[in-house]
Amino acid sequence: MEAAAGLAMQSRAVGAAGTGPRGRRSGPLGGDGPARASSLRVGGPAATAPALRARAARPVAPLCCVQTSRGHQSLHNSVDEALLLKRKAEEVQFELNGRCIYLVGMMGSGKSTVGKILAEVLGYSYFDSDSLVEQAVGMPSVAQIFKVHSEAFFRDSESSVLRDLSSMHRLVVATGGGAVIRPVNWRYMKKGLSIMLDVPLDALAKRIAQVGTASRPLLDQPSADPYTAAFTKLSVLAEQRGDAYANADVRVSLEELAAKKGHDDVSQLTPTDIAVEALQKIKNFITEHSMASGPFDDL
């Protein structure tokens, strides 16, 4: 196994309200400003990239209220969703009290999309752990890191990133699909609150087959049928990681959510639907475990 990556991250709190990159306000809600990762560097013989700047991704609007052929009804529904999302965020923001949120789940489960929505509405900063590893190592993709170094090298770097993020506040972190396999990573994530996005394997395989597997080294295998190849490998990974995913504090089942909303398929759910459900699950978890006493007590 290659030498473990030594990853150093500096952090500082910014602003009196949620801010995005370059100190701009990022969220509609008040509260203490989120901490921000300002630099990462990997040293040692396995990686000699210079220090790289790692900034929080620019927050994206949780909804796009674009009027379609359905006219005012579509716009009305979008406004209703936006108001519901904001209300759910307001219900949990005080109790979260700055706790970081970690999204876990299989590759293609929507962690990045949902994570950006949650960060925006909570006034948090958003980070993608895979992107931070890429920046720290100085390579453009996880696939290239696997190829040039090894999966073990990537996992070491991933653990270093999660360790440093865990010392910060007011972050939403989308983790890689395999981050759950190392117990040490759970020790870092348990300093905040973890949410598993549970998506049916069939839906995951369809998503991945549509966009290709080149960026996903564990799935990138020559095959005449991308869907079958993706489904087969995802089934193996789900079996291997099932117990690890069960460590998450909150589970959002897209299958259950779709049934509750009267949908025949999880593809009919919007990212906002999932974000609203995640916030409700967070509220339930906080209530059940009486977590409101402080942001960094043991969960």
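Biologist: Which residues does Ile195 touch, leaving out those up to four places away in sequence?

Modeller: Ile195 touches Ile101, Tyr102, Leu103, Val104, Ala248, Val250, Val252, Ala278 and Ile282. Contact means heavy atoms within 4.5 Å. This is a predicted model: local features need pLDDT of at least 70, side-chain atom pairs count only at pLDDT 80 or more, and totals for chains, interfaces and linings use all residues. Residues are numbered from 1 along each chain as its sequence is written, and side-chain values use heavy atoms, with hydrogens and water left out.

Biologist: What makes a set of residues a nonpolar core?

Modeller: The members must be buried Ala, Val, Leu, Ile, Met, Phe, Trp, Tyr or Cys, joined through side-chain atoms within 4.5 Å. The largest such core here has 72 residues. Leu122, Ile195, Leu279 and Ile282 have the most contacts inside it. Helix 10 (residues 271-289) gives the most to this core, with eight residues. Helices are DSSP runs of H or I, at least four residues, numbered from the N terminus. In soluble globular proteins, nonpolar side chains tend to be buried together.

Biologist: Why is the pair Glu91 and Lys283 called a salt bridge?

Modeller: A salt bridge needs a side-chain nitrogen of Lys or Arg within 4 Å of a carboxyl oxygen of Asp or Glu. Glu91 and Lys283 meet at 3.3 Å, N to O, so the pair qualifies. Glu91 lies in helix 1 (residues 72-96) and Lys283 in helix 10, so the pair ties together parts that are 192 residues apart in sequence.

Biologist: How do you know that Glu91 is partly exposed?

Modeller: Buried means under 20% relative accessible area, exposed over 50%, partly exposed in between (1.4 Å probe, protein chains only). Glu91 has 24%, so it counts as partly exposed. Lys283, at 30%, is also partly exposed.

Biologist: What makes Glu158 buried?

Modeller: Its relative accessibility is 1%, so Glu158 counts as buried. Arg155, at 6%, is buried as well. Glu158 forms a salt bridge with Arg155, the closest N and O atoms being 3.1 Å apart. Both lie in helix 5 (residues 151-165), three residues apart, about one turn of the helix.

Biologist: Why do Arg251 and Glu256 count as a salt bridge?

Modeller: Their side chains meet at 3.6 Å, N to O, so the pair passes the cut-off. Arg251 is partly exposed at 40%, and Glu256 is partly exposed at 47%.

Biologist: Which residues do salt bridges with shared partners join into one network?

Modeller: Arg87, Glu91 and Lys283. The structure holds 12 salt bridges.

Methods
Helix = DSSP H or I, 4+ residues; strand = E, 2+ residues; numbered from the N terminus.
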